[in-house]
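Work through these exercises with the model open beside you. Try each task before you read its solution.

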Amino acid sequence: MFPQELPEASIFYLAWYAATWLLHVVAMNYVLAGSALVAAAAVREWSKRSNAAWRRLGDRLRDWLPFALGVTITFGVAPLLFVQVLYRREFYTANLLLSHRWMSIVPVLIVAFYLLYLQKGAWWSRRSSGPRAAVAIGVFVCFAFVAGSWTENHLLSLQGQAAWTAEYVADRWFYSHPELLPRLALWCCVAFPTSATLLAIQIRCDPQDARPTDAVARENVDRETTALLGRAAVAASSAAAVAALVYLSRIPDVVRARIVGGDAMPYTVAAVGGFVVQAGLWFGVARSGDLSRVRLTAIGATLGLALVAATALREIRRTSVLDWSAPAEAHAAAAQVGGFAVFFTFFIVNALAVAWCVRLVRRHLRPG
């Protein structure tokens, strides 16, 4: 069963890559889906169809998205380092062939970062709804562009020398592949249940939540907000299921055989089962607006299981088509260099520092 067929050093780097990438993708899901929800809230306000739940979500996300983007970028450093050790030839080849398209990710993220802080400011909140909706849509487009660029890079890195040569000769700015759209759609749709879960946790835990002072009105807004999160999660989960089926039909036969009946089947069962259960739980939330602590814990646990299994399937797709003879030697050599203790120490220190900063901010904002 995967990844036991790989060399020991490769398993070591692959495990750490998957673990750190999972942290990055959870934060990234919050940013990507969150920016989409902010754009939707701004458009609804512009079209005079907003309500208390949409305003609450929009205000919450505008306040937290700059911080979330910083966390996403920070969490992206470690997996970026590990992926270069694991797939150095494939990774660097894809980067070079995409050239300016790949490098444009940095200025696009910088623009998105400044626009997030613009949205958060009191001055901008007093502007008319039209410009605010345009900026919110622009922020989402920036993040969608980055997601598309990473997807292109990933798929191009899976190709062999013949495809790389053809791409170089064609000198294209965009890489086209049958898996591109369904794969991008799948991961974008999965972002919404993850973001909804994190938002639900925030709404339950944040003492500074801006709600009506009247108890009945506050309870109604709570139910409307959780029901809205449930509808978004269910709709996105349904779309993700369709995208997954299309994506499954586009991958190579050897990979599909492993996923639907081979050694990767346990991961497939865990991913599908966890995702279906969390969607079912969100469906109940969408109907009733009731999100108890037990239900939220169950959603988080099943969604976490699905994301872990999906991460394994993601790497099975990649490792199934790559020749591991040359990388295995490089991994074994890299494992002898050392430095893991230093990396792990700073990983823990930085994680504790971020948690402490969040705690200080929450204490400062707490009434009294």
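**Exercise 1.** Is Trp-21 buried or exposed?

*Solution.* Keep in mind that this is a predicted model. Step one: take the relative accessibility of Trp-21, which is 10%. Step two: apply the cut-off, since buried means under 20%. Trp-21 therefore counts as buried.

**Exercise 2.** Describe the aromatic pair that Trp-21 forms with Trp-187.

*Solution.* A pair of aromatic rings is described by the distance of the centres and the angle of the planes. Start with the distance: 5.5 Å centre to centre for Trp-21 and Trp-187. Next, the angle: 85 degrees between the planes. Angles over 60 degrees count as edge-to-face, so this pair is edge-to-face. Now place the partners. Trp-21 sits in helix 1 and Trp-187 in helix 10, so the pair ties together parts 166 residues apart in sequence. Trp-187 has 15% relative accessibility and counts as buried.

**Exercise 3.** Which parts of the chain does the pair of Trp-16 and Phe-344 link?

*Solution.* First, the geometry. Trp-16 and Phe-344 form an edge-to-face pair, with 5.9 Å between centres and 80 degrees between planes. Second, the location. Trp-16 belongs to helix 1 and Phe-344 to helix 16 (residues 340–365), 328 residues apart. Third, the accessibility. Trp-16 is buried at 19%, whereas Phe-344 is partly exposed at 35%. The structure holds 10 aromatic pairs. Ring pairs also join Phe-91, Tyr-92, Trp-102 and Trp-150 into a cluster.

**Exercise 4.** What lines the second largest pocket?

*Solution.* Begin with its volume, about 1,000 Å³. Then find its centre: of 36 lining residues, the closest to it are His-24, Trp-102, Ile-105, Val-146 and Trp-150. Sort the lining by type: 25 nonpolar, 8 polar and 3 charged. Finally, look for the helices. Among those that supply at least two lining residues are helix 1 (8–46), helix 8 (129–157) and helix 14 (293–319).

**Exercise 5.** Which residues touch the most other members of the largest nonpolar core?

*Solution.* The core has 91 residues, and the answer is Phe-143, Leu-229 and Trp-282. Its largest share, 16 residues, comes from helix 1. Check Leu-229 in the model: its contacts include Leu-57, Ala-196 and Trp-282.

**Exercise 6.** Where does Asp-171 lie?

*Solution.* Asp-171 is in the loop between helix 9 (161–170) and helix 10. Its phi is positive, about 55 degrees, although it is not a glycine. Its relative accessible area is 63%, so Asp-171 is exposed.

How values were computed: Residues are numbered from 1 along each chain as its sequence is written. This is a predicted model: local features need pLDDT of at least 70, side-chain atom pairs count only at pLDDT 80 or more; totals for chains, interfaces and linings use all residues. Side-chain values use heavy atoms; hydrogens and water are left out. On a 1 Å grid over the protein atoms alone, a cavity is a set of points where a 1.4 Å probe fits but cannot get out, and a pocket is an open set with protein on both sides within 12 Å along at least five of seven lines; lining residues have an atom within 4 Å of a point. Grid points are joined across faces, edges and corners, and a volume is the space filled by probe spheres set on the points. Helices (H or I, at least four residues) and strands (E, at least two) are DSSP runs, numbered from the N terminus. Ala, Val, Leu, Ile, Met, Phe, Trp, Tyr, Cys and Pro count as nonpolar, Asp, Glu, Lys and Arg as charged, and the others, Gly among them, as polar. Buried means under 20% relative accessible area, exposed over 50%, partly exposed in between (1.4 Å probe, protein chains only). A nonpolar core is a set of buried Ala, Val, Leu, Ile, Met, Phe, Trp, Tyr and Cys residues joined through side-chain atoms within 4.5 Å. Contact means heavy atoms within 4.5 Å. Rings of Phe, Tyr and Trp (its six-membered ring) pair if their centres lie within 6.5 Å; planes under 30 degrees apart count as stacked, over 60 as edge-to-face and the rest as tilted. Lists of a residue's contacts leave out its neighbours within four places in sequence.
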